[in-house]
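Here's a quick tour for anyone meeting this structure for the first time. Have a look at it, then read on.

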Amino acid sequence: MVKERARILVVGGGYVGMYTALRLQRRMRQELRRGEVEITVLTPDPYMTYQPFLPEAAAGAISPRHVVVPLRRVLDQCRIVVGEATGVDHARRTVALTTLATEERGGARELTYDELVLAPGSVSRTLPIPGLADYGIGFKTVEEAIGLRNHVIEQMDIASSTRDPAVRDAALTFVFVGGGYAGVEALGELEDMARYAARYYHNVTPEDMKWILVEASDRVLPEVGEEMGRYTVAELRRRNIQVLLGTRLESCAERVAVLSDGQRFPTRTVVWTAGVKPHPLLAATDLPLCSRGRVRCTAQLAVEGAAHAWAAGDAAAVPDVTAAEPGAETAPNAQHAVRQAKVLGDNIAHALRGEPLETYAHQYVGSVASLGLHQGVAQVYGRRLKGYPAWFMHRAYHLSRVPTVNRKARVLAEWTLAGLFKREIVSLGSLEHPRAEFELAAGGKHPLDPNINPNGSS
């Protein structure tokens, strides 16, 4: 039984944040009912995004609303605060934050806590490449995934409606930077979608499009092993996708992708998926950080040298007790994040009740990746799969992992319908500027007017 009222603050509403709060909600049901525990979740968005489904959402196989989980519905015993944490003063047990209300009125506010769970996740790791901030497209949120889908179809519309060969070539050239999960899966799904959509254009064929994957190392998808990585490269090249290994993006200024091997590609599409880095919030705390900027944690997921502070997922450097080599840390991926969250929720409950803590131990079992419809690669428990079996395993695994029975049923229903009917190839790019038509009708200027926005369309 909790001795006194405990205020638990969870910073972040992603994998770790949502699953930790959900675990606490279940483990401390009686304490919540008696008012002995209060759980607050501070998150920039009122939903959790299931990122492995972003490529399929971009390809139109899954509706965007089924890729996200509404936190207020799932965490009905928790207080949800939509805002951005800007700093943590653990010595004073306070977190500084801004919300939409504080931005309008000016200033910031603070939240106090007794137990802190730091789970802000990660952000895209970018480099100071000329033109990247102006023309690059990320692939980490559902908004970016749907925006990229609209953008690709919009480029096909541009190519179909112009007689200028330079404009047409740039519109049909798609450059993806980064050969990890996000880059390979996004490229595979979107190329598959665009190849299907081309049948409905009278003057655009799959052969007219250039799909280019740029990877700085000598392999792609290192998580699935070297052999499956080579198979992935061969499969992508069989689909006329250029895979450039050992190559870096030097510049994308003026809508021209310049690579380290000297190649230049005029393009209107540069998708940046070259890794992630710890959230900037971690640098604005008084908690100990490792050399890579993550919070140093024990195997019990407690922050080293900081009582009543916990962390997991991408934000935490957690010792891997199953590794043979000393000093190894768990990989910052969803497989560990979901499992760490459960142990973290249990350990906070144990700590409040004065019980012994559990040690996080999970041996990496393998990885699965999709390369488009009916194509995939997998390495699970040492067994290698490719083609349709790997693709089926990819779907089955992630269907089992997506939160809530509601989401599982909706995703399965959409997959079933997608197998019975044709794909939708409609671009809703105007969703990004919903007031454009009204502003134009009211005598204003269109937001894509080059005199206002020299970059033009996304």
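Glu 226 and Arg 230 sit four residues apart in helix 10 (residues 226–238), so about one helical turn separates them. A salt bridge here is a side-chain nitrogen of Lys or Arg within 4 Å of a carboxyl oxygen of Asp or Glu. This is a predicted model: local features need pLDDT of at least 70, side-chain atom pairs count only at pLDDT 80 or more, and totals for chains, interfaces and linings use all residues. Residues are numbered from 1 along each chain as its sequence is written, and side-chain values use heavy atoms, leaving out hydrogens and water.

**Salt bridges**
- Across the whole structure, a search finds 21 salt bridges.
- Arg 353 and Glu 31 form one of them, at 3.0 Å, N to O.
- Arg 353 is in helix 11 (residues 334–353) and Glu 31 in helix 2 (residues 29–34), so this pair ties together parts that are 322 residues apart in sequence.
- Helices (H or I, at least four residues) and strands (E, at least two) are DSSP runs, numbered from the N terminus.
- Glu 31 counts as buried, at 5% relative accessibility, while Arg 353 is partly exposed at 22%.
- For those words, buried means under 20% relative accessible area, exposed over 50%, and partly exposed in between (1.4 Å probe, protein chains only).
- Glu 226, back in helix 10, counts as exposed at 52%.
- Glu 191, Asp 192, Arg 195 and Arg 239 are linked in a network of salt bridges.

**The second largest pocket**
- This pocket holds about 890 Å³ of space.
- A pocket is an open set of points on a 1 Å grid over the protein atoms alone, where a 1.4 Å probe fits, with protein on both sides within 12 Å along at least five of seven lines; lining residues have an atom within 4 Å of a point.
- Its lining has 32 residues, and Gly 60, Ala 61, Ile 62, Arg 149 and Glu 424 lie nearest the centre.
- Helix 7 gives the most to that lining, with six residues.

- Arg 93 isn't a glycine, yet its phi is positive, at about 60°.
- You'll find Arg 93 in the loop between strand 6 (84–89) and strand 7 (94–98).
- Arg 255 also has a positive phi, near 60°, and lies in the loop between strand 15 (249–251) and strand 16 (256–259).

Technical notes. Grid points are joined across faces, edges and corners, and a volume is the space filled by probe spheres set on the points.
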